[in-house]
Every structure is written in C-alpha cells, then in structure tokens.
Amino acid sequence: MLAVETLPSVPRLTGLYARGAASSGRIAAGRALPSLPVIGGGEDSLTLPPVAYRVAEVDTADMASHLRDYQRLLHEPVSDHLPSGYLHVLAFPLATAVMVRADFPLPLLGMVHLANDAALARPVRLGDRLEVRAWAEDLRAHRRGVQVDLVAEVRVQGDDDAVPAWRGVSTYLARGFDPSEVEGADGADGGDGQAPGDVPGDAGGDGTAPSDAWAPPLPTGRWVLPAGTGRAYGALSGDRNPIHMSALSAKAFGFPRAIAHGMYTAARALADVGMARGDAYRWTVRFAKPVLLPGTVDVAVTPAEDAPGGFTYVGWNALRRQKHFEGTVTPL
Amino acid sequence: MATRSTAAATASRKAPKGTTAAPGLRDAVVVGGNRIPFSRAGKRYADASNQEMFTAALEGLVARFGLQGERLGEVVGGAVLKHSRDFNLVRECVLGSSLSPQTPAYDLQQACATGLEAAIAVANKIRLGQVESGVAGGTDTVSDAPIAVSEGLRRALLAASHAKTLQQRLKALARIRPGDLKPLTPATDEPRTGLSMGEHQAVTTARWGITREAQDEVALASHQNLARAWESGFFDDLVTPFRGLTRDDNLRPDTSAEKLAALKPVFGKSLATSGTPAEPTMTAGNSTPLTDGASAVLLASRDWAAEHDLPVLARFVDAETAAVDFVHGHEGLLMAPVHAVPRLLARNGLTLEDFDFFEIHEAFAATVLTTLAAWEDDEYCRTELGLPGALGKVDRSRVNVNGSSLAAGHPFAATGGRILATAAKLVAQRAAETGRPARALVSVCAAGGLGATAILESA
C-alpha cells in the first residue's frame, strides 16, 4: 500500500531535472561499486519509493492559451477538450517528481522511454478541476536493464466514478542494471524485438531482430519536422531535456543531432487519427529508433484490422527503413 | 440509346395549389470557350497576375461572341492559389472587361475541380431559369503565387496591431524570432497528411500496380494528341494569345517513348523500402508540371443563344461530385471521380459504352490509369463502389483524344474550362460528322480527395 503524499501544486520540471541530474550522479557512483543491485529481496535490491504523490486540485480554467498552443503544435483541432497527450503533459511533472526522490533507485538522466499506454475514460474539459496522482510500480527485468512503470491518474472533481477519467502508464528503461538474477528475466517483457528506445549510437539493432526484417506499409502521411520541433514541444511540455533542445546539447549525450520527444510523435499520431477516436479512447505507443531533427517521418495511420473502430499507427524513416514508433488508438 | 430526361420527370410534378409553381428544368448549353495558352511556371507569364490572366481569357470570350456591353446572368470562377486581396477576383475581372458592369460575379474554389464546379453552378442556374447566360472559368498562377509570412510572424504582427500601448506593441514584436522571417510559399501538400499530391498518387499507383511503361504511353499520347489538335486548328477558336504566347509551351511535339523512359522518377521514391514492392514510376514526364493560365466557358439557355445568334456546341446534361476518405489510406487521394461517375451514369441511365469521348484530367498519367483500372475491377467495383460488378472497360482510343493536362499543363482552376470547351467542341464535331448525337464524359480529380464529373451531349 502506497502512502499518499499531497503536494500543494504540480512541481515545475526545470527544478526536477536539476535534482534528477544530481541524484543520477549519485546513483551512477553507486553503480561503480562491484556488487550490482538486483531487483527484489536482500539489502542491495532495488525497491521503488512506497509513496504516491497527489495534487488535490489543478484548475484548468486558466490553461486556455496553453491548451490552444498545444493543440496547434500537435495538429489537434482547437477545442475545450483536453486531449490525452495534453493530460500526459499535465501529469508528467508529478511522475518525474517521484523519479527524482532520493529513494528512487534509478537515475533520471539516461532513462529511456520505452512505451506509453494512456486511457481517457471520459472527456476532460477546460475549466475542470483535477486531482492528479502519480507513483512508480512494477519494477521488472528487461534484457538490457530494468524497466519501471510510472503511473499517473487524473480525476475530475465531482466525478465519483471509481475509474479515473484519465490514466497513463509510462514505461522506462534504465540500462546497465543487471536483471539476470530476477525471475523471468528472459527479455520477453518489454522486449518486442525492436531495438528499444532512445538508444544513441545503436543503429544496427541488437542482433535478435535485424533491421531489414521489417518492411514499412504504404504511408498515409508524412511529417517534415523542423530542427526546432524539440524546442517547441519542450517549451510546451516543460520537458527541456538537452537531448531534445539542440544538436550541440544532444551531442553531449551521444546523439548526432537533437531528437524529437517520443510523446510528441505519439501525440501527432493520435491527432492524425482525428475525431474517429471518439470522446473516450485508449492510446498506446512503443518507441523504437529516435527521430533525429530536423527529420522526415513517414507514417501510416490506418483502421485496425482486429479492433473495430480502432486505429493502428506506425512511423518510420523510409530511407533507412527504420521504425521510429508504433501504437494503437482504440475507442473505449 | 436515348438519354432519359430527368428534367421532364421533375417538371411534370405539379406544385400544390396556391403555391408559386416552379418552372420546369430546361437545357443549359455550352456556346463556346476561350482560354489563354498555358505556360510553364516561371516562364512567359512569370509576372502575370490571376486577375490579368482571367481578364484576358474573359475578354477573348467576349470578343469571340460579341458580348461587349452585354449583361450576362453571372460570371463564376476562381483560383486555387489566391491572394487575400483578390477576395472578389472574378468580379474585378468583369469590371476590367468590356462586359456590362451590371454583370454579377462570384468566386468559387474547389481545388483542381474549381473550373468544372463553376460550370456546374452556372449550368444549374440556367436549367432552373434563374439566369439566361453565364461564364464559368478559372485561373491560376504558380509563378505569381501569394507569399505568406510565417505563423510566428503573423501572430506577432496581429498581436502588435491589437496592442493599445507602445509597450504592449514592442512586447508583441519582441516575440518575433529570426526563423519567423522566412516567407511561406504555397505548397501542394495535402494539409492533413503532409504528403504531396504526387506522393499520394504514387501510393495509389503502387496499390494498383500501374507500370512505368503504361504511364509513359499515356504521356506520349497526350503530347501527340495535343500537337495534332493544334496542327489541325482545333484550338483556333478556343484560345486567344497572351503575352506573345500562341501555344501551350509545355507541349513537346517531338517527345518520344525513349525520351520519356530516360527521365528519373520524382515521386514515390520512399516506397522503394516499403513492404508493397513499389519501384518508383512517376517522372516529370508522366506527371503534370506546375503551370500558369486561365480559361472561360460561355453557357446559356437555348433561347438566349438563339436570340444572340450564337452557335450551340453541347448540352450540359448532368454532373456529380464525390469525395473519398483518403486520410487513413482507405482510398487514393485522386480517386473521387471513380466514385462519382457510376452514380452519374446510373442517374442518367447510361453506361461507359454510351460515350464517344472521355476527358479524364491527367493530374498524373497514373491517375488516368488507376481510374480506368478501378472501373474494370470487378472486386473493387463491388466492395468499394457498391456496384453489382465491374463498371466497364473504357475504349482507350476515346480517352483525351486531343491531349490533356500532361501536354497542355494544368493551371489548377483553369483546367475545368479547358476540358469543357474541348469536350463540347468534340461532341459538336462528331455529331456534325455522323449525324448522330455524341456524348462526352468529363472527370476531374482534385486535392482534398475531391472529384467532379459531368456529361456533355451534342446539342
């Protein structure tokens, strides 16, 4: 059972990153010790903070212009409905606050966003007062390290439904943590055969699935993303991770150029589905190769064959035949 | 086979007693057409505006049919790439022409179907008895296209102009970033997909397995047919020279299969890595170039034409527009006419075999080929068009017999007028030769998954 700790407001990401960078250094230093921490049991094991952060009231009434900027940047129709991606932006800093706690076992910097799964059960509108909660759960093995879910929930005040209006699960990978002693650590969980996530200098795949095994479908669209895409989404979301901001700052982290925010690409795909998604929908994404900026992404957003009314989407680099991301949007 | 007149059927319905009886539908006819030669972008018409070009086309039409000082029912037309200052483009052209200044006008826009949609609008008013005569047309310039400022600069300038104090104004202007100063030129990309029209067609081309050779054949025929039509004088009473140009300057009478085969593909290159095997096949030779030009067509009631002692080329029988769901790849962007035509034929009790001529706008050679292939495909016609089976096979020797957009060029809104005038004259000539009625089917695809189609019949 998680202890709920109420914060007065959603913290700002900028401050969190500073703390995250400091704790990342501490954790990195810890990793240099001969005995690697393992998940579960024992004094050296990795455990998640037994706490859920909560902000009792987030008033969306004054977010009109921010919402509009978001909707324009992501090609969403401008309306008073908060798209699922916007709710992620809203709740993300609270999840980040969990990750920068002193007792969070993984370093914030260098964590790779593997996947995201968000369900919008009921429409959330501008003017709604929201309760936001976030916590970490399900620390588990990944064949390249360990992965963890950051869960965020949004409830609308006055809405007594047991199911939150919005629930997002962001799955992150921390590389270099040895999962070998964990039960079931065969790489099946989270290992979809694609080289996962924002892995710099990992163009050749990992051997289990050569990149030429995948052939893109016929495209339904093409995004030409200018160099400033990361800065624009960074300004809106507050996620000003240096890997997104400029070629220079990205190089410092091993990327040849700045990379697009994964959630920007997923949210563009969600917008491409359009009104067919309905008022309540589940939206998933798995990230593969990062999108280098400036860059061109071919996308196919098509009706799902196995889920009536639903859509699947995939984005790729046509010249390199590399998948960037794929996901689903399913009406609930 | 005779055309069943839906007009008569409608007219026979009696209005309830005491209400104003609507007059029955009557015929709308094409009297003639006029255009300026089409010119490749950035060449002869590089500094000609839409207004100048459409005025020239209109004035040529006025001169040809002696309409100086005439009050026409209306002039309808438009431009796809239009400057905001041209909010009344067609009315301004009327005022700059020798038509009576009492001739009303309005602008209309439906991407590449603008010209045909304008003719549908005018013909309908004539058929309803609301006007006796009208001109439909369109104009487009890629060379003199409006250039817009970036969204960032635009919003900053607007905020500054709304500001009440100098301080507010400076604050608004301080938001401008160097990148905002880059001008935006109009693109032919679909706003919703980001794919250019060529890339969209490349996907459709791949889906239908249209070969490079077949496309080059269509392109070659277009040039040869247009060249022959020019040589034979077909366009003598359909075109007025402009800016020293007397013929469409995209026309390559001397092009050959070898020359076309030597061109490198320009669209669909990214499909080479696709799971659907798709070697790029679309080149600058079998795709329509960006073009400047304008066209106008004179339509009228039979009575008006007779009173003015004017010839009648063809009856504007009926029209049908369609739109397709292309955004999520369900249907090809330029396939809407494929859907419109079966509905148009059914309403008029006609089949593909009842037509002497097919004017299918050559946005790309592959567009013509996918259109024809779709109508021949039993499975597609059943599942997609809801027909009992394949719509039918079009006799290729009846398609674009005097060339089309691949050779003439395609100034977006001007293409409908070019095609209508050509089709009207073709059916008139054929009827005069054979003594039997002749019929033409017109099909124009457009951006946004739109399409407009129409039937012309010798009058």
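Buried residues, meaning those under 20% relative accessible area with a 1.4 Å probe and protein chains only, make up 54% of the 332 residues in chain A. On that scale, exposed is over 50% and partly exposed lies in between. This is a predicted model, where local features need pLDDT of at least 70 and side-chain atom pairs count only at pLDDT 80 or more, while totals for chains, interfaces and linings use all residues. Residues are numbered from 1 along each chain as its sequence is written, chains are lettered from A and ligands numbered from 1 in the order in which they are written, and side-chain values use heavy atoms, with hydrogens and water left out.

Staying with chain A, its secondary structure comes to seven helices and 11 strands. These are DSSP runs numbered from the N terminus, with helices being H or I of at least four residues and strands being E of at least two. The surface of chain A exposes about 13900 Å², and carbon and sulfur atoms supply 54% of that. Accessible areas come from the Shrake-Rupley method with a 1.4 Å probe, and for residues only the protein chains shown count as cover.

Next, the domains. Chain A is assigned domain 1 (1-186) and domain 2 (192-332); such bounds come from an automatic or database domain assignment. The contact between them takes 34 residues from domain 1 of chain A and 36 residues from domain 2 of chain A, contact meaning heavy atoms within 4.5 Å.

How much area do domain 1 of chain A and domain 2 of chain A bury between them? About 2900 Å², with 59% of it on carbon and sulfur atoms. Buried area here is the accessible area (1.4 Å probe) that two parts lose on being put together, summed over both. On the domain 1 side of chain A, Leu73(A), Leu74(A) and Arg144(A) supply 17% of the area buried against domain 2 of chain A, more than any other three residues. Two salt bridges are counted between domain 1 of chain A and domain 2 of chain A; the term means a side-chain nitrogen of Lys or Arg within 4 Å of a carboxyl oxygen of Asp or Glu.

Now chain B. His223(B) sits in helix H8 (residues 212-231) of chain B. Is His223(B) buried or exposed? His223(B) counts as buried because its relative accessibility is 6%. Leaving aside neighbours within four places in sequence, His223(B) is in contact with Asn250(B), Leu251(B), Arg252(B), Thr255(B), Leu406(B) and Ala407(B).

Last, Leu173(B) lies in helix H6 of chain B. With a relative accessible area of 33%, Leu173(B) is partly exposed.
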